[in-house]
Amino acid sequence: MATRAPNGEPDESRLEVSAAPEHSAGPRAVAAAMRHAVGQMGVRRSAATLRRVNQADGFDCQGCAWPDAEAGHRHVAEFCENGAKAVAEEATLRRVDAGFFAEHSVADLAGHGDYWLGQQGRLTEPMVLRPGATHYAPIGWDEAFALVADHLRGLDHPDQAVFYTSGRTSNEAAFVYQLLVRAFGTNNLPDCSNMCHESTSVALTETIGIGKGSVTLTDVETADLIVVAGQNPGTNHPRMLASLEVAKDNGARIISVNPLREAGLGRFKNPQRPRGVVGHGTRLADLHLPIRLGGDLALFQAWGALLLKWGAIDEEFLAEHTVGFTAYAEGLADLDWDKVEEATGLTRDQIEEGAAMIRDSAATVWCWAMGLTQHRHGVATIKEVVNLALLRGDIGRPGAGLCPVRGHSNVQGDRTMGIWERPPVWFLDALEVEFGIPVPREHGLDVVEAIRALSTGAARVFVGLGGNFASAAPDTPVTEAALRRADLTVQISTKLNRSHAVPGTTALILPVLGRSERDLTGGSPQRVTVEDSMSMVHASRGPLAPASPELRSEVDVVCSIALALFAEDHPGSGVPWERLRTDYGEIRHRISRVIPGFDDYERRIDQPGGFVLPHPPRDARVFPTAAGRAVLTVSPLDVLDLPEGHLLLQTLRSHDQYNTTIYGLDDRYRGIRNGRRVVFVHPDDVADLGLAGGDLVDLVAVWGDGVERRADRFRVVPYDQPRGCAAAYYPETNPLVPLGSVAVGSNTPTSKSVVVRLEPHGGGR
Ligand SMILES: Nc1nc2c(c(=O)[nH]1)N[C@H]1C(S)=C(S)[C@@H](COP(=O)(O)OP(=O)(O)OC[C@H]3O[C@@H](n4cnc5c(=O)[nH]c(N)nc54)[C@H](O)[C@@H]3O)O[C@H]1N2
Ligand SMILES: Nc1nc2c(c(=O)[nH]1)N[C@H]1C(S)=C(S)[C@@H](COP(=O)(O)OP(=O)(O)OC[C@H]3O[C@@H](n4cnc5c(=O)[nH]c(N)nc54)[C@H](O)[C@@H]3O)O[C@H]1N2
Ligand SMILES: [Mo]
């Protein structure tokens with residue numbers, strides 16, 4: 001365990017920096033996984049729990065949304081190092097009970113960061129903070145539900161409440177939650193997607209007519225070429241490395257587009273194969289393009305221009321299935337190569353080498369994650385990915401397609417279930433018909449808008465179904481002040497986090513079961529379902545005894561709020577909430593009547609591995625856009641500008657965290673031990689700024705609104721990447737991300753490009 005400085009935060013003075021390793025996984029990953037698991041769960045519970053992860057009769061790993069192998073092809077241990085950490089974090093034996101809250105005032109909790117808070121263990125009983133109180137105190141479940149209902153009924157308008165969701169929520173809980181919110185009368189359903197793959201959803205919906213990826217696991221494993229842009233699978237989707245290894249064995253080539261040379265895409269030692277334990281492992285990336293932050297838009301346009309010049313396009317596919325080709329080709333006719341080189345930081349030779357690999361590929365899979373979505377021109381960049389896939393006819397045929405790699409394990413499913421502030425009309429119509437309730441039609445607030453509404457007092461109640469809104473959202477002081485201004489904050493959570501420490505005037509903590517736990521709501525075992533990144537829906541059933549007998553399921557909590565909220569004269573009372581609460585099969589039955597693709601839901605999740613949802617472009621090259629075809633689009637070349645003496649900072653994940661949950665203080669693949677307050681800077685930039693490795697600096701963000709945003713006390717770590725770029729971990733750097741700095745079209749905070757300057761801490765070294 002890390003020692004603690006007086007404020008309860010980790011002692012960063014023990015930081016150790018070494019060279020980043022060239023390979024990932026291997027036996028050290030197994031050792032790290034076991035260390036975390038045993039530390040949180042003990043030996044016997046670790047073995048019993050980890051055996052059930054991602055098995056056909058087990059529970060879905062909370063770690064990520066990468067699909068499982070087909071049911072017959074699963075290993076005994078179908079999880080990865082970071083999956084084991086995610087499981088251990090939830091199945092920990094540590095507890096946060098009423099005694100803990102009696103000991104720690106809210107002010108005390110607010111003095112701690114997410115690492116300390118998360119390490120305290122699982123929440124065990126409902127807690128309330130009354131107006132003016134210094135401490136959370138126990139409250140009965142029924143009283144808690146009545147308190148929520150009273151506050152909601154007391155609002156002048158339903159739009160004064162916002163209902164956040166984090167993507168770990170099951171399909172069943174998500175469906176009843178959005179139903180509750182819409183029956184109440186608002187579409188204020190901001191979710192973690194707004195900060196994550198929203199740029200993807202917007203770009204794909206406009207261009208191919210559906211906001212989801214078009215590949216299956218088999219496509220990835222049989223691709224000729226895989227482009228991995230703006231994604232760090234070694235840390236965030238480790239099981240993807242196993243798929244990439246299979247693809248390599250089948251002859252695929254891989255291009256990595258990333259400012260950093262991430263260990264996962266170097267050499268991969270598969271811990272589940274003998275040759276991963278000895279020897280050098282598989283070299284995954286054949287070409288690494290160290291792109292400047294935000295340069296992908298320019299790179300993809302340049303690739304498009306080269307493919308056009310070489311005539312390396314699928315004319316038949318373009319003629320039959322697309323619109324917009326002529327405008328696209330004209331748009332690239334006079335591409336400004338100087339600007340391309342400036343934006344990408346790559347040479348024309350490097351760009352041509354990548355383009356030639358695309359030209360020579362019979363089938364290409366395009367993978368991406370936060371490195372593309374969290375930029376000002378994130379939507380435009382992803383539209384350029386689509387342009388390339390369309391040029392090559394790479395949608396709707398084997399071994400090819402679009403592969404946005406999702407974050408939270410059920411973030412895609414939550415959207416399918418209607419967690420969306422801008423729901424489609426057909427969905428609302430279907431809800432109205434199914435439940436006989438009027439539902440609101442005006443779009444609701446997304447994350448950034450919700451923070452604004454809470455800040456001004458336009459929104460007065462915040463409900464969070466999972467997640468850690470305070471730490472995940474941008475502009476931390478602004479977000480925290482917004483939450484504190486609320487009349488009521490309700491956090492439905494498994495573990496303590498910063499969001500509990502920045503309460504509204506009244507605050508509730510409602511503790512729930514995690515996915516690894518048995519759910520006996522209604523008296524018999526319940527299962528839930530989730531959807532992975534490739535639209536596979538399958539069941540999940542937890543094997544463990546609940547962390548506390550007081551815990552309720554998310555479905556139970558949501559339905560119980562509804563039962564308390566809707567009086568008999570309210571149309572919402574017509575929904576059979578008690579039936580839904582106690583029988584998740586009934587929820588699935590209702591889902592199957594509202595959402596296309598879920599027919600015969602109950603039976604199809606009995607099949608090992610579940611079932612795949614329809615995806616017209618993937619299945620039949622049908623594109624449900626307004627034009628009835630896939631759309632090639634034209635976007636202006638946007639180059640992120642960097643004032644003299646400044647750096648472009650990306651905020652990213654270490655190997656020892658799950659978003660705002662910090663597992664530990666190491667980032668093994670980047671050579672960091674015992675610390676998180678580090679800023680990675682190119683060695684020549686370190687020198688040019690008059691600094692040296694190990695110097696203590698404050699990060700100061702520069703943004704057009706004149707506000708000075710700071711994050712203090714970071715150690716400078718010289719690290720290979722394009723000049724002018726820098727990297728530091730989230731959420732410590734969230735105070736630097738301006739609320740107003742968002743992606744055009746998706747409103748996603750630009751967490752991967754923040755203009756900063758480095759100031760020596762305390763004015764000197
Ligand atoms: N263990 C673990 N697993 C996770 C998570 C976790 O925190 N921990 N989080 C989950 C969630 S919610 C998500 S969304 C995913 C996140 O998965 P990732 O998107 O892989 O997460 P990040 O750490 O944000 O990494 C972004 C990557 O993009 C690169 N990058 C940054 N800017 C640019 C750019 O402008 N261009 C290019 N080409 N590359 C760029 C960075 O160098 C880094 O390699 O992972 C999910 N899985
Ligand atoms: N600067 C910067 N900011 C970012 C990002 C970035 O790259 N840079 N990434 C963004 C992205 S991609 C995302 S997805 C968001 C993440 O935003 P969130 O999803 O809001 O954050 P998490 O850290 O995943 O939430 C962790 C909390 O969820 C609760 N929890 C865990 N499991 C369960 C469960 O089963 N049920 C319930 N009810 N609660 C549970 C626990 O209390 C835990 O403390 O952050 C975004 N913010
Ligand atoms: Mo995410």
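Guide: A term first: helices here are DSSP runs of H or I with at least four residues, numbered from the N terminus. The model is a predicted one.

Visitor: Which helix gives the most to the negative patch?
Guide: The patch consists of Asp-334, Asp-336, Asp-338, Glu-341, Glu-342, Asp-349, Glu-353 and Asp-641. Two helices, α17 (337-344) and α18 (348-359), each supply at least two of its residues. With three residues, the most is given by α17.

Visitor: Is Asp-349 buried or exposed?
Guide: Asp-349 lies in helix α18 and belongs to the negative patch. Exposed means over 50% relative accessible area. The relative accessible area of Asp-349 is 62%, so this residue is exposed.

Visitor: Which residue of β16 is the bridge partner of Ala-161?
Guide: Ala-161 is in β7, where Ala-161, Phe-163 and Thr-165 point one way and Val-162 and Tyr-164 the other, all of them buried. Strand β7 (residues 161-165) pairs with β16 (residues 461-465) in the parallel sense over five bridges. In β16, the partner of Ala-161 is Val-461.

Visitor: How many residues apart are Asp-656 and Lys-85?
Guide: The structure holds 55 salt bridges, and one of them joins the side chains of Asp-656 and Lys-85 at 2.7 Å, N to O. Asp-656 sits in the loop between β23 (647-652) and β24 (657-658), and Lys-85 in helix α3 (residues 81-91); this link between distant parts of the chain spans 571 residues.

Visitor: Is Lys-383 buried or exposed?
Guide: Lys-383 forms a salt bridge with Glu-206 (3.1 Å, N to O). The pair links helix α20 (residues 378-391), which holds Lys-383, to helix α9 (residues 198-208), which holds Glu-206, 177 residues apart. Glu-206 has a relative accessible area of 40% and is partly exposed. The limit for buried is under 20%; because its relative accessibility is 12%, Lys-383 counts as buried.

Terms used
Residues are numbered from 1 along each chain as its sequence is written. Chains are lettered from A and ligands numbered from 1 in the order in which they are written. This is a predicted model: local features need pLDDT of at least 70, side-chain atom pairs count only at pLDDT 80 or more; totals for chains, interfaces and linings use all residues. Side-chain values use heavy atoms; hydrogens and water are left out. Patches are made of residues with over 30% relative accessible area and no salt bridge: like charges are joined within 9 Å, nonpolar side chains (Val, Leu, Ile, Met, Phe, Trp, Tyr) within 5 Å. Accessible areas come from the Shrake-Rupley method with a 1.4 Å probe; for residues, only the protein chains shown count as cover. A salt bridge is a side-chain nitrogen of Lys or Arg within 4 Å of a carboxyl oxygen of Asp or Glu. Lys and Arg count as positive and Asp and Glu as negative; His and the chain ends are not counted. The place of a charge is taken as NZ of Lys, CZ of Arg, CG of Asp or CD of Glu. Buried means under 20% relative accessible area, exposed over 50%, partly exposed in between (1.4 Å probe, protein chains only). Two strands pair if DSSP finds at least two bridges between them.
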